[in-house]
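Please keep the model open while reading.

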Amino acid sequence: MELNFEHHQTAHCENGVASNLLLNKGLKLSEPMIFGIGSGLFFVYLPFLKVNFAPGFSYRPMPGAIFSKAAKRLGIKIKREKFSNPQEAQKALERNLEQNIPTGLQVGVFNLTYFPEEYKFHFNAHNLVVYGKENGKFLISDPVMDYTTSLTEAELEKVRYAKGALPPKGHMYYPTYIPENVNIEEAIKKGIKDTCKNMLAPVPIIGVKAMRWVARNIPKWAAKKGTKTTNHYLGQLIRMQEEIGTGGGGFRFIYGAFLQEAAVILKNDELKELSKEITTIGDLWRDFAVDIARVYKNRNSKSDIYNQLSKSMLHIADLEEAFYKKLRKAI
């Protein structure tokens, strides 16, 4: 039982699954377009929430939010289901396959047998598509891989019922309705406005204000908590930025590609210029990550490094604030 499903590799799992599922239904939207319409750019700082013994940082909205927002703005209906019973979850998935419905799943990364060891960590918001079953194995299209793969029933159950933060609980989803005529222009505008609203939010835990709060805390952590704890916090910051969903530099590059496409569709040259701007900011996020990695691995020779990291992040926050204000005006 193998469905006619086209696998495309993408930079981020949720956008990739959404793009591949919609393409299967005849709607061709790129990964950047899904990401932009779904307002994927985000930043949140939750100092009162501890994740891996460090404050909560995230460069992305809640799992599932990008596809849900994109679908709503495009008039697409998605069915989402969770199951307390793993056997029921498998039966529901197999029913979908019998009805020729490739199905998106939320899974834990740690026990994915086809993942290289260095990429395995406890993160339960990964996304993939199941598009068939052969010889007792489920056929898997994981958009972060450049090839399709497979998992046994037991292996798939293990990742669908991974324990820990954000447990998937057998979560599966698939589009049930796509309108004949999609208003892409209006969806793009709504996505951009929402991104600007979030990133320029007046509260201290979201957007550029949250970035500044983190930046100002870096030297304070060093003074109050010492080098070891501060380095652990910084390690968590760049892990959330560069490894868990490519949320720092990577997301800025995807958003730049979205603005390039949006500039053509909306006939708005200003978006083309802003695309270059957010790509440059993405480069600065990557440099920031490299500097933190050197500190974390004790390979840094700069004195006063924590103040320098703080200044770097404050500079990025200033650039992002100016960017979102220009973007809001352009749209």
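**Salt bridges in the model**

E14 has a relative accessibility of 2% and counts as buried (under 20% relative accessible area; exposed is over 50%, partly exposed in between, with a 1.4 Å probe and protein chains only). The model is predicted: local features need pLDDT of at least 70, side-chain atom pairs count only at pLDDT 80 or more, and totals for chains, interfaces and linings use all residues. Residues are numbered from 1 along each chain as its sequence is written, and side-chain values use heavy atoms, with hydrogens and water left out.

The side chain of E14 forms a salt bridge with that of R60, at 2.8 Å from N to O (a side-chain nitrogen of Lys or Arg within 4 Å of a carboxyl oxygen of Asp or Glu). This pair links distant parts of the chain, 46 residues apart: E14 lies in helix α1 (residues 13-24), and R60 in the loop between β2 (54-58) and α3 (65-74). Helices (H or I, at least four residues) and strands (E, at least two) are DSSP runs, numbered from the N terminus. R60 is also buried, with a relative accessible area of 8%.

A salt bridge of 2.8 Å, N to O, joins the side chains of R252 and E320. Here helix α8 (residues 249-266) supplies R252 and helix α10 (residues 305-330) supplies E320, 68 residues apart in the chain. Both residues, R252 and E320, are buried.

Helix α10 also holds E321 and K325, which are 4 residues apart and so separated by about one helical turn. Their side chains meet in a salt bridge at 3.4 Å, N to O. E321 is partly exposed at 23% relative accessibility, and K325 is partly exposed with a relative accessible area of 42%.

A network of salt bridges links K69, R73, D194 and K197. The structure holds 14 salt bridges.
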